[in-house]
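Let's take a friendly walk through a protein model, one question at a time. Please keep the viewer open as you read.

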Amino acid sequence: MEIEDQVIAITGASVGIGAATARVLAARGARVVLGARREDALARIVAEIEADGGHATACVVDVTRPEDLRRLIALSVEQFGRLDALVANAGVATVAPLAEGTLSDWNRMLDVNLRGVLHGIAAVLPVFSAQGSGHFVTVTSTAAAKWVPGQGVYAASKAGVRALCEVLRQEVGPEIRATLVCPGATDTEFTTDPELRERMAAIAMAPDAVAQAIAYALAQPENVNIGEIVVRSAAQP
């Protein structure tokens, strides 16, 4: 199955893995529908893609708001007539020991990382079911399975997404597919802590590596479902 002419919606598409995915998929002929909170960044990426001959559109999306996900899905169908895949990529992280964390940070991670994925499923599953086809691609993290100090709530949110997507895969197949992509350290806005950013920079891979993994899953034949991909820098322990 080729990616060319697939209609693919992407959340968290203004920076990092989401922006790289938009560019990679558009370059391979997909029609991409971008959602994120940063309207100016979305506009720049759409302009870049169109300048290179691709097809893209965008709307402002905060994944903590179910109505925003419904608007993103509706835009995809209105603009291109269908939706072939949803790449649920939006995520946030606050790295700190539990004794130093705050309830607001914990709730934010759960709202974006876990509930945001649920909002996407709720918005797009009726469309996929009516079409008799579709592909959920959800970006989580190696933290879903490898737990380290400072990432307790972040890891809990990502482990929850991992469980959710595996059950989703079993429930909606074979017509609808579900893939989980688990990146390791990636050169994104994962943290604003200067010391942690410096440590991660030594082992981080480029967002394009994750985008290529997403493209690989999307390009499989209709009767093939890549359940889970773990991708990390060779420098990461």
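This is a predicted model: local features need pLDDT of at least 70, side-chain atom pairs count only at pLDDT 80 or more; totals for chains, interfaces and linings use all residues.

Residues are numbered from 1 along each chain as its sequence is written, and side-chain values use heavy atoms, with hydrogens and water left out.

Q: How many of the residues of strand 1 are buried?
A: Helices (H or I, at least four residues) and strands (E, at least two) are DSSP runs, numbered from the N terminus. Buried means under 20% relative accessible area, exposed over 50% and partly exposed in between, with a 1.4 Å probe and protein chains only. Val7, Ala9 and Thr11 point one way from strand 1, Ile8 and Ile10 point the other way, and all are buried. For strand 1 (residues 7–11), the count is 5 of 5.

Q: Which residue of strand 2 is the bridge partner of Thr11?
A: Two strands pair if DSSP finds at least two bridges between them. Strand 1 and strand 2 (residues 31–36) meet this with 5 bridges in the parallel sense. In strand 2, the partner of Thr11 is Gly35.

Q: Why is strand 2 described as largely enclosed by the rest of the structure?
A: Strand 2 also pairs with strand 3 (residues 55–60) in the parallel sense over 6 bridges, and Val32 stands opposite Ala56 in strand 3. Strand 2 is described as largely enclosed because its buried residues number 5 of 6.

Q: What is the handedness of the β-α-β crossover from strand 2 through helix 2 to strand 3?
A: A crossover is right-handed if, with the strands pointing away from the viewer, the path from the first strand over the helix to the second runs clockwise. Strand 1, helix 1 (residues 16–27) and strand 2 make a right-handed β-α-β unit. The crossover through helix 2 (residues 39–51) is likewise right-handed.

Q: How many residues apart in sequence are the parts tied together by Asp5 and Arg31?
A: A salt bridge is a side-chain nitrogen of Lys or Arg within 4 Å of a carboxyl oxygen of Asp or Glu, and a search of the whole structure finds 10 of them. One of these joins Asp5 and Arg31, whose closest N and O atoms are 3.6 Å apart. Asp5 lies in the segment before strand 1 and Arg31 in strand 2, so the separation is 26 residues.

Q: Which helices hold Glu48 and Arg23?
A: The side chains of Glu48 and Arg23 meet in a salt bridge at 3.0 Å, N to O. Glu48 is partly exposed at 36% relative accessibility, and Arg23 is partly exposed at 37%. The two residues are 25 apart, and their helices are helix 2 for Glu48 and helix 1 for Arg23.

Q: What is the distance between the closest N and O atoms of Glu166 and Arg169?
A: Glu166 and Arg169 are 3 residues apart in helix 5 (residues 152–172), so about one helical turn separates them. Their salt bridge has its closest N and O atoms at 2.8 Å.

Q: How are the rings of Phe128 and Phe136 arranged, and what is the pair called?
A: Rings of Phe, Tyr and Trp (its six-membered ring) pair if their centres lie within 6.5 Å; planes under 30 degrees apart count as stacked, over 60 as edge-to-face and the rest as tilted. By this rule there is 1 aromatic pair. The centres of Phe128 and Phe136 are 5.1 Å apart and their planes are at 75°, so the pair is edge-to-face.
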